[in-house]
Amino acid sequence: MRVITRTVWILSLVSLFTDMASEMLYPVMPIYLKEIGFSILLIGILEGFAEATAGLSKSYFGKLSDVSGKRLPFVRLGYLLSAVSKPMMAVFVYPLWIFFSRTMDRLGKGIRTGARDAMLSDEATPETKGQVFGLHRAMDTLGAVLGPVLALLYLYFFPQNYKSLFFLAFIPGLIAIGFTFLIKDGKKDKDNKIEPQVVSFFSFVHYWKAGAPAYKKLVIGLLIFTLINSSDVFLLLKAKESGLNDTAVIAVYVFYNLVYAIAAYPLGKLSDIIGFKRVLIFGLIVFATVYAGMALSSELYQFYGLFFLYGIYAAATEGVARAWISNISNKKDTATALGTFTGFQSICTMAASALAGWIWLDFGAQATFLFSSGVALMVVLYILFVVPSHSNKTERALKLN
């Protein structure tokens, strides 16, 4: 039996091209927004509002996907909105239009995430989900490597031509949408008919109340960790303050994504063999090591070593966490379970960056990284002793019952 099916490959390619489009704009987005008149405060409000839209909508559209029994329409519409939003940001420069365009991009992410992850889950068995989610994360992150590289090449030949880059980013977005037409929606389970029901925008609250204890315990641990896992911008800012120039900072960020892309599939496969819990704990310990190192490092070679480890951490946690959640969730609620987790995760990520900014401002960069490192080790102990440890086969049995 093939572990990586045609649908998994296509969804992974869709994510690769979508992330390539998004990450092409990553190095220039703040510069472009400042150039058209956005203040730092307004940029912060814009990003916060956009991320809140994505976070709050993930569970709702995940539940809608579960109730309708359909995945592909949500996946296709979500990627379409994200692709179209790229050139829209270059058409008009009015703040309200920019807010609308950026929010459309994040809404697209909210619409597609739960349904896409559920499709990936449906393509795997409980014994192979680490590999499936690992490959998807690897391809998605490869896009995060190619995007900034293409942007840097373009800006080398056409300096400060930021507007054209937004139109250019539409091309990989269109390719991603084209790939979605090669996917077929899964067949409905005739023996498990879903009664029509009204879906509340706050369905994540209802799902959380009715969620299984194992699901709640795992998600609580992951969300506590998310609260101290602030934006990667803080890592790049630390590297910048330590004397690295702009090119070196972008290079180290690309290096991190490359390591992440290479390591995601092997670590996902390892989690299928030794269990999700062990690989996830390993990843969190690596994270704590990286953040402690960030507090004490100042040399270029040290940053490359730390960003290498940071790529290993991401590869050992991102896909593995989603695979674990999908294995302890009922199949008919997979998109809701994943959407609820990623929705709460988005909200906690916003709070994490605010918390990190406050600690940095009042106590300095060193305190920020040491605090995150310490809490990450506490989460390791929580997952080790509180979250139930099941083999993948045991999780399958629990899910079917």
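This is a predicted model: local features need pLDDT of at least 70, side-chain atom pairs count only at pLDDT 80 or more; totals for chains, interfaces and linings use all residues.

Biologist: Okay. Which residues make the nonpolar surface patch of about 710 Å²?

Modeller: Leu146, Val149, Leu150, Leu153, Tyr156, Phe157 and Phe158 make that patch.

Biologist: Take Leu153. Where is its place?

Modeller: Leu153 sits in helix 6, which covers residues 129-157.

Biologist: And why does Leu153 count as partly exposed?

Modeller: Because its relative accessibility is 46%.

Biologist: Let's go inside. How many cavities of 30 Å³ or more does the structure hold?

Modeller: There is 1. About 40 Å³ of space lies in the largest cavity.

Biologist: How do you find empty space like that?

Modeller: Rolling a probe the size of a water molecule over the atoms shows where space is left empty.

Biologist: Which residues line the largest cavity?

Modeller: The lining is Leu227, Ile228, Ser230, Ala352, Leu355, Ala356, Ile359, Thr368, Phe371 and Ser372. Helix 10 (213-228), helix 15 (334-363) and helix 16 (365-385) each give two or more residues to it.

Biologist: Which element gives the largest share of that lining?

Modeller: Helix 15, with 4 residues.

Biologist: What's the lining like by class?

Modeller: The largest cavity is lined by 7 nonpolar and 3 polar residues, with no charged ones.

Biologist: New topic: charges. How many salt bridges turn up in the whole structure?

Modeller: The search finds 8. In general, side chains of opposite charge can pair when their charged atoms come close.

Biologist: Show me one. Which side chain does Asp66 meet in a salt bridge?

Modeller: Arg71, at 2.8 Å from N to O.

Biologist: What about Asp117 and Arg116?

Modeller: Their side chains meet in a salt bridge at 3.0 Å, N to O. Both residues are buried.

Biologist: And Asp333, what is its partner?

Modeller: Lys332, with the closest N and O atoms 3.4 Å apart. Asp333 counts as buried at 15% relative accessibility. Lys332 is partly exposed, at 38%.

Biologist: Last one. Which residues do shared partners join into one network?

Modeller: Lys86, Arg102, Asp105 and Arg106, through salt bridges that share partners.

Note on methods
Residues are numbered from 1 along each chain as its sequence is written. Side-chain values use heavy atoms; hydrogens and water are left out. Patches are made of residues with over 30% relative accessible area and no salt bridge: like charges are joined within 9 Å, nonpolar side chains (Val, Leu, Ile, Met, Phe, Trp, Tyr) within 5 Å. Accessible areas come from the Shrake-Rupley method with a 1.4 Å probe; for residues, only the protein chains shown count as cover. A salt bridge is a side-chain nitrogen of Lys or Arg within 4 Å of a carboxyl oxygen of Asp or Glu. Buried means under 20% relative accessible area, exposed over 50%, partly exposed in between (1.4 Å probe, protein chains only). On a 1 Å grid over the protein atoms alone, a cavity is a set of points where a 1.4 Å probe fits but cannot get out, and a pocket is an open set with protein on both sides within 12 Å along at least five of seven lines; lining residues have an atom within 4 Å of a point. Grid points are joined across faces, edges and corners, and a volume is the space filled by probe spheres set on the points. Ala, Val, Leu, Ile, Met, Phe, Trp, Tyr, Cys and Pro count as nonpolar, Asp, Glu, Lys and Arg as charged, and the others, Gly among them, as polar.
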